[in-house]
Amino acid sequence: MKTLIDKIKSKQIPAIVKKVAKSEGLDARELANDIKNGQTVICSNYKHAPSKPCAVGKNLKTKVNVNIGTSPDFTCLKNELNKLSISLEYGADAVMDLSTGGNLREIRRKIISKCPVSVGTVPIYEAAVLNAKKNIKIKDMKLDDIFSSIKRQAEDGVDFMTLHCGLTLETLSRLKQEGRLLNIVSRGGAFLTNWMIHNNKENPLYEHYDELLDILHDYDITISLGDGLRPGCIDDATDRAQIQELIFLGELAQRANKRGVQAIIEGPGHVPINEIKTNMQIQKKLCHGAPFYVLGPLVTDAAVGYDHIAASIGSAIAATYGADFICYLTPAEHLGLPSDEDVKEGLIASRIAAHAADVAKGNKSAIQRDKLLSQARKKRDFPKQFELALEPNKGKSKYKKLKAKKKDVCSMCSEFCAIKTIEEVLKK
Ligand code: SF4
């Protein structure tokens, strides 16, 4: 079967490319060229074929992913499906099912069947969970266990997969030599490191990368090259281990592109504000402009309970300087499995960050939205402001609750409304 890259290489412009180009206001030929060159991806496994596939990369609007999924302590499918509905209602561009509790395949299939946007997973979670159910430790996991999970998830229709292929013995030696405060905070990265150290063997996802690409190619799945060594605290940001892994990720993205498989690179983590721009520039440069998927980054470690805010500050800056895809964080980050409200709050914070970055990058529709909202604000047209807001409900209910006694102003300044005063004065 030909993948999107294969088709574009044989001079076709597939319908999905034309559809995305239209919705983004881009030229389809230019978009196809960016996909061919590995600078843009459209995440769509032909087994799922989402009606709103997530497209990330050059000249596109910044996209936001929501992580949902069970944990060993909270295994209820209904709860996760409710989080899926909330994610879709509040504008998620992609959803990752990170389930590690309950019947993983049933949960994944249900989420995919109900999801019009692209669905991502981290297949090594399933491999580890299935082995744990048989009392097999991660260090005793077989190559076939990992590849079976990847194949099963491909067959179920997963559109993009996080695979930590760049976490090699060499990157681990950098980690040990340099010394870190929090070492490894990525779950997938920790599983693989455990396996590699116990068995004294190379990462199987790196060693068998060509076989892995063959599977992804069969379904046209986008590989999201995971950063197993992403810094997990400000003190570990931009160290040699992170950059060493990034060099491998860039090379692996290039190999994927040659094989006709679309690739995204995953990024940090925790990064202080003053290092974000440099991180994005290094990442884009080393990975030849491949689409960048960032988790936050969190700009401080001290925002416990408010990590969605610390992350959205980092996301806005990262996306301004090159990140294309933002993974949301919730107020429950570092604390527990997010609730429905946490999902909503985290998603809205990330969408504000994405929009702010799009305005900074000169995206015409983002700039126009802000302009229309300001025009409505000038007219004190509150219903119009809610209509244009990134999330209308909170503003609407606050406005109603705090209603002014005077007409066409709000209760902040009421009869002293600056906008109204100046409007009247300038008429004279
Ligand atoms: S009352 Fe004050 S806050 Fe409200 S619209 Fe007028 S200027 Fe803005």
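**Reading strands, sheet and core**

A: Let us start with strand S9 (residues 292–295), which has both faces covered: Phe 292 and Val 294 on one side, and Tyr 293 and Leu 295 on the other, are all buried. A residue is buried if 20 or more other C-beta atoms, placed from the backbone, lie within 10 Å of its own, and strands are DSSP runs (E, at least two residues) numbered from the N terminus. This is a predicted model, in which local features need pLDDT of at least 70, side-chain atom pairs count only at pLDDT 80 or more, and totals for chains, interfaces and linings use all residues. Residues are numbered from 1 along each chain as its sequence is written.

Q: In what sense do S8 and S9 pair, and over how many bridges?

A: Strands of a sheet pair through backbone hydrogen bonds, either parallel or antiparallel. Two strands pair if DSSP finds at least two bridges between them; here S8 and S9 pair in the parallel sense over three bridges, and Gly 267 stands opposite Val 294 in S9. Strand S7 (residues 222–225) is likewise joined by three bridges to strand S8 (residues 263–267), running parallel, with Ser 224 opposite Ile 264 in S8.

Q: Which closed form do the strands from S3 to S10 make?

A: They form a closed barrel of eight strands, in the order S3-S4-S5-S6-S7-S8-S9-S10, with parallel pairing.

Q: Which residues have the most contacts inside the largest nonpolar core?

A: A nonpolar core is a set of buried Ala, Val, Leu, Ile, Met, Phe, Trp, Tyr and Cys residues joined through C-beta atoms within 7 Å. The largest one has 106 residues, and those with the most contacts inside it are Val 95, Leu 225, Ile 264 and Ile 326.

Methods. Buried ≥ 20, exposed ≤ 12 C-beta atoms within 10 Å, placed from the backbone. Helix = DSSP H or I, 4+ residues; strand = E, 2+ residues; numbered from the N terminus.
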